[in-house]
Amino acid sequence: MELVAEHHVLTTEQLRALVFPSISRAQHRLLHLADLGVLWRTQPYRAEGGSKPFHYLLGYRGVELRAAHNGTSPPRPAAHADRLRRILESPRLGHLLGVNQFFADLADYARRSGLGAFAADARDFAREGLHTWRSEESITEFYGNKITPDGYGCWHEHGRWLGFFLEHDTGTEPLRRVADKIDRYTGSGKPYTDRLDVAQRLAGMVLIWTTSARREQGLRKALQAKHSPVPVATASRKHGHPDGPAGEVWSVVTAVPEQARRVRLGELPTVIGGTTDDGTPRVLAELATRPPSPLDDDDEGAYLDGVTDEMREANRHGLDIGDLVLTDPDPDEDTTSHGTPTRQPWQRRRPA
């Protein structure tokens, strides 16, 4: 119930990958929960013919049970029905399902490879695989609307932890706008005295999961011009790796060709210079320990403060985003609000 409540809508196959050992077990259990009213399911019409997979949302009985567990009052049935309708009729439904599929694919790989099954409570610190998954609303609220990723996860493999913020690119936004999302993770919209204020608080790197190799190539050029102190890696869903997003599909945005090679998700901590035992990239952990030092906007040191050597090399090359040809369609304006993050979103605690 908590999984469906936080992530709004999940398909049968996504829930199978996240929770159940087999599709047969998933179908029987989900049907039983739907009959009880704990879950609510629908099978949307497919325009090209046939029907889509069953989509599961939280039923009203599930809402009542969660409210009783949390000591709160449930919404009126009509209000809950209206919420279900808004989710299913939202133009962002496809995007939401794409984000959920990313994390379901990670959980599925972890189960198949023997790393461990996904557990939403994340209490087994020895278990590897997908250890944490937080929704867009959860992580955005946590950081006071300062950043708006599509989700946050933590991956554990071979003793290495990797926290990451997912940006799921559907190909409908101009490349320039997708690249500009990185500015939120560094506070670049503020004067340089505050430029690293957000980066110092982050508990992970940024992963951009895009639609095609061609789009990824253009996006990487735009990202290199940002010289972001926050590690960023990109991958295309068209790579077709059998292990999905856990496979050898990720390339860190850097001016050093050797470090831009494709690596597995579990190898990213090594490529970006290591992570702490809570998944935070060491470059960001080091930023968090530096005392603030006010600098003028025109001071080059302010622009380079906290970046890695390869980013300084990119800066010396003078990469210019204005040289790119960005012709993708223009979406609605971004309505991101801003707040002040106060602590890390990492839900795992060190064992004694």
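This is a predicted model: local features need pLDDT of at least 70, side-chain atom pairs count only at pLDDT 80 or more; totals for chains, interfaces and linings use all residues.
Reply: Two strands pair when DSSP finds at least two bridges between them. Strands themselves (E, at least two residues) and helices (H or I, at least four) are DSSP runs, numbered from the N terminus. Residues count from 1 along each chain as its sequence is written, and side-chain values use heavy atoms, leaving out hydrogens and water.

Me: Thanks! In which sense do E6 and E7 pair?

Reply: Strand E6 (residues 160–168) and E7 run in the parallel sense, over five bridges. To find the place, look for Glu167, which stands opposite Ile208 in E7.

Me: What is the order of the strands in the open sheet?

Reply: Six strands follow the order E4-E5-E6-E7-E8-E9, and the pairing is mixed. Strand E4 (129–135) and E9 are the edge strands, each pairing on one side only.

Me: How does E8 pair with E7, and how with E9?

Reply: With strand E7 (residues 205–210), E8 pairs in the parallel sense over five bridges; there, Thr210 has Ser236 as its bridge partner. With strand E9 (residues 251–252), the sense is antiparallel, over two bridges, and Ala233 stands opposite Val252.

Me: Are the residues of E8 buried or exposed?

Reply: Buried means under 20% relative accessible area, exposed over 50%, and partly exposed in between (1.4 Å probe, protein chains only). In E8 (residues 232–236), five of the five residues are buried. Val232, Thr234 and Ser236 point one way, while Ala233 and Ala235 point the other way.

Me: Which residues touch the most other members of the largest nonpolar core?

Reply: A nonpolar core is a set of buried Ala, Val, Leu, Ile, Met, Phe, Trp, Tyr and Cys residues joined through side-chain atoms within 4.5 Å. Here the largest has 45 residues, and Trp155, Trp250 and Leu268 touch the most other members. Helix H6 (residues 93–112) gives this core its largest share, eight residues. Apart from it lies another core of 29 residues, including Phe142 and Tyr152.

Me: What is Leu268 in contact with, beyond its neighbours within four places in sequence?

Reply: Contact means heavy atoms within 4.5 Å. Leu268 has such contacts with residues including Met205, Leu207, Ala233, Trp250 and Val252.
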